[in-house]
Amino acid sequence: GATLRQLAQKAGIRIGTAVNSDALADEAPYTQKVATEFDSVTPENVMKWDTVEPARGTFVFTQADRLVDFAQAHGQLVRGHNLVWHSQLPSWVTDGDFSATELRDILHRHITAEVTHFKGRIWQWDVVNEAFNEDGTLRDDVWLQKLGPGYIADAFRWAHEADPKAALYINDYNIEGVNAKSTALYDLVARLRKEGVPVQGVGIQGHLDVQYPAPHDIADNMARFDKLGVQTAITEADVRITLPASATDVEAQDEAYQTLLEGCLLTRRCTDFTVWGFTDKYSWVPGVFTGEGQANIFDENYQPKSAYTALAQDL
Ligand code: XIL
């Protein structure tokens, strides 16, 4: 049958995957699936701060460059992930005891160096990742504590200066449906755009769990962002299951994947549907959610699961 990539092209969206750089380098079936099933890629880790700037002012782009080269060789676009986040920060940033002025300068230099390095080769940047708490307040991380809420607008302006053509996204989880968090993010994006801050997209991660109801109002939620004139994307879809998986779990997983994809397909400015890894062989889920797994669309032997077929049917 047709690959997801071929089907997505007809549907008018990109289909992407997060890529594990080690597997891409070492494992032929992994590499082959990335190349044939997807037309967009996101580095799972290698563009994050701890990899890219492990010591102050020392920039390491080796692994990220390899992925960008791979993408170009295979006619794929790249989602840059990410520039500002509370996690995977090197300790020199978190424990540095910098003044506000110094930290602001560190952030500015980091964004400018990374975005400039990849200028012209990144389709969409996740500029700010996971800035919100579930209740809609801003996360009390090092950026908010030391720089105040203005760090968000600054980050977008700095990224835009370095690569005016990249689409700049704010990305978060648990914002699939209409809730306190997605509404706070909506309000922020509306305000930023009114103020002329260059934010062009909202990334909806889509990390779901079959034990919670799938977000059946995702299309309504995405519609309100669409009306603001911003792009949207499903950026990190996976659907975890408490093991061992029952037949009901698997059905719920297929449906949850479809709910996310349908949200995108029903939204005019939704650009892409990206899964957070495609094979159960390499997934962040078992390491983070105790007792859970099988969250992806291929099994550990690279065989397509029913979730794969469900997505193919919807495209
Ligand atoms: C995860 C990676 O998949 C893991 O390999 C890493 O150890 C931790 O980060 N939200 C995000 C992603 O925005 O960057 C996270 O990726 C998953 C949750």
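## Overall shape

The radius of gyration used here is taken over C-alpha atoms, and the rule for a globule is 2.2 Å times the number of residues to the power 0.38. Keep that in mind as you look at this predicted model. For 315 residues, the rule puts a compact globule near 20 Å, and the chain comes in at 19 Å, so the two agree. Along its principal axes, the C-alpha trace spans about 55 × 40 × 40 Å.

The chain folds up with 14 helices and 10 strands. If you take contacts between residues at least 6 apart in sequence, 76% of them join residues at least 24 apart.

## What's inside

Buried residues account for 45% of the chain's 315 residues. The largest nonpolar core has 80 residues, and the members touching the most others are Trp125, Val127, Ala155, Ala159 and Leu168. In soluble globular proteins, nonpolar side chains tend to be buried together.

## A look at helix H9

Helix H9 runs over residues 151-162. Its 12 residues, at 1.5 Å each, should span 16 Å, and the end C-alpha atoms sit 17 Å apart, which agrees. Tyr151, Ile152, Ala155, Phe156, Trp158, Ala159 and His160 are buried in H9.

What do those buried residues pack against? Their partners are strands S3, S4 and S5 plus helices H7 and H8. Zoom in on Ala159: beyond its neighbours within four places in sequence, it contacts Leu83, Ile111, Val115, Trp125, Val127 and Leu168.

How values were computed: Residues numbered from 1 in each chain as written. Predicted model: local features only at pLDDT ≥ 70, side-chain atom pairs only at ≥ 80, totals over all residues. Helix = DSSP H or I, 4+ residues; strand = E, 2+ residues; numbered from the N terminus. Buried ≥ 20, exposed ≤ 12 C-beta atoms within 10 Å, placed from the backbone. Contact = placed C-beta atoms within 7 Å. Core = buried A, V, L, I, M, F, W, Y, C linked by C-beta atoms within 7 Å. Expected span 1.5 Å × (residues − 1).
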